[in-house]
Amino acid sequence: VLSLKLPRNIFTETRNHSLFYQTLLLAISLLGVLFMCYIVHSFFNKQEKITESFERFVPNAMLALLPKRNILDVKLGLHTERPLTIMFLDIRNFTSISEKLTPKENFEFINQVLLFIAPIIKNNSGYIDKYIGDGVMAIFHRAGRHADDAVNAALTIQDQLDELNNNNVFKYNEIVKLGIGINTGSLL
């Protein structure tokens with residue numbers, strides 16, 4: 001029988017190299033996992049930004065009426081019919097007001113008025129479906145309350161508008177008057 005004995009230092013050196021390579025492999029694996037986490041995070045972050053961009057043009061409340069979870073589920077021809085209330089609102093005499101303002105001042109003036117209106121509509125369970133020049137089209141959809149919500153929003157807008165005009169809140173010293181039309185019925 002032949003017996004071979006390795007010196008103790010060769011065994012120890014081999015074990016240390018093995019431990020070094022195992023540690024190196026673990027470190028590379030951890031870096032790979034972190035890199036994959038970064039890629040997944042970036043992907044979902046980008047998806048969230050795309051969704052937010054779509055929400056500027058198609059509000060979540062509109063998707064809820066269809067009923068769909070996200071814009072990707074909406075197909076051509078998809079529709080539903082239900083009773084809703086629509087409010088149309090525009091700035092009265094806007095043409096004569098805008099003639100006195102520069103294009104930049106016009107832009108700022110419209111934004112100031114619309115930024116005043118938007119939270120009131122939202123607080124009354126409505127959402128702005130579209131901006132139409134100096135006006136908006138808002139939809140009120142709360143079941144059994146949509147007409148009342150629209151009327152409450154209109155009254156709140158008029159009350160607060162009088163207060164804002166009396167305190168000269170709007171720039172350019174213009175008295176802002178709004179025309180509001182409300183229609184309730186079956187909407188497709």
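This report walks through the aromatic pairs, nonpolar cores and a few individual residues of a predicted model.

Phe20, Tyr21, Leu24 and Ile28 together make a nonpolar surface patch of about 430 Å². Ile28, one of these residues, sits in helix α1, which covers residues 8-57. Tyr21, another member of the patch, has a relative accessible area of 52%, so it counts as exposed, the cut-off for that class being over 50%.

## Aromatic pairs

Three aromatic pairs are present in the structure. In one of them, the ring centres of Phe20 and Tyr21 are 5.3 Å apart and the planes meet at 65 degrees, so this pair is edge-to-face.

## The nonpolar cores

Moving inside, the largest nonpolar core has 26 residues, and those touching the most other members are Phe109, Ile117, Ile121, Ile157 and Leu178. At least two residues of this core come from each of β1 (82-91), α3 (94-99), α4 (103-123), β3 (135-140) and α5 (146-166). Helix α4 gives the largest share, eight residues.

Leaving aside residues up to four places away in sequence, Leu178 touches Leu89, Asp90, Ile91, Arg92, Val113, Ile117, Ile157, Gln158 and Leu161. Among these contacts, Ile117 and Ile157 are, like Leu178 itself, listed with the core residues that touch the most other members.

There is also a second, separate core of six residues, including Leu65, Leu84, Met137 and Ile139. As a general background note, nonpolar side chains tend to be buried together in soluble globular proteins.

## Two loop residues with positive phi

Asn93 has a phi near 55 degrees, a positive value in a residue other than glycine. You will find Asn93 in the loop between β1 and α3. Asn93 is exposed, its relative accessible area being 56%.

Ser125 is a second case, with a positive phi near 60 degrees in a residue other than glycine. Its place is the loop between α4 and β2 (126-132). With a relative accessible area of 25%, Ser125 is partly exposed.

Pro103 is part of helix α4 and counts as exposed, with 70% relative accessibility.

Leu63 lies in helix α2, residues 60-65. At 4% relative accessibility, Leu63 counts as buried, since that class means under 20%. Setting aside residues up to four places away in sequence, Leu63 touches Val58, Lys68, Arg69, Asn70, Ile71 and Val74. Leu63 and Asn183 are 120 residues apart in sequence, with 21 Å between their C-alpha atoms.

Note on methods
Residues are numbered from 1 along each chain as its sequence is written. This is a predicted model: local features need pLDDT of at least 70, side-chain atom pairs count only at pLDDT 80 or more; totals for chains, interfaces and linings use all residues. Side-chain values use heavy atoms; hydrogens and water are left out. Patches are made of residues with over 30% relative accessible area and no salt bridge: like charges are joined within 9 Å, nonpolar side chains (Val, Leu, Ile, Met, Phe, Trp, Tyr) within 5 Å. Accessible areas come from the Shrake-Rupley method with a 1.4 Å probe; for residues, only the protein chains shown count as cover. A salt bridge is a side-chain nitrogen of Lys or Arg within 4 Å of a carboxyl oxygen of Asp or Glu. Helices (H or I, at least four residues) and strands (E, at least two) are DSSP runs, numbered from the N terminus. Rings of Phe, Tyr and Trp (its six-membered ring) pair if their centres lie within 6.5 Å; planes under 30 degrees apart count as stacked, over 60 as edge-to-face and the rest as tilted. Buried means under 20% relative accessible area, exposed over 50%, partly exposed in between (1.4 Å probe, protein chains only). A nonpolar core is a set of buried Ala, Val, Leu, Ile, Met, Phe, Trp, Tyr and Cys residues joined through side-chain atoms within 4.5 Å. Contact means heavy atoms within 4.5 Å.
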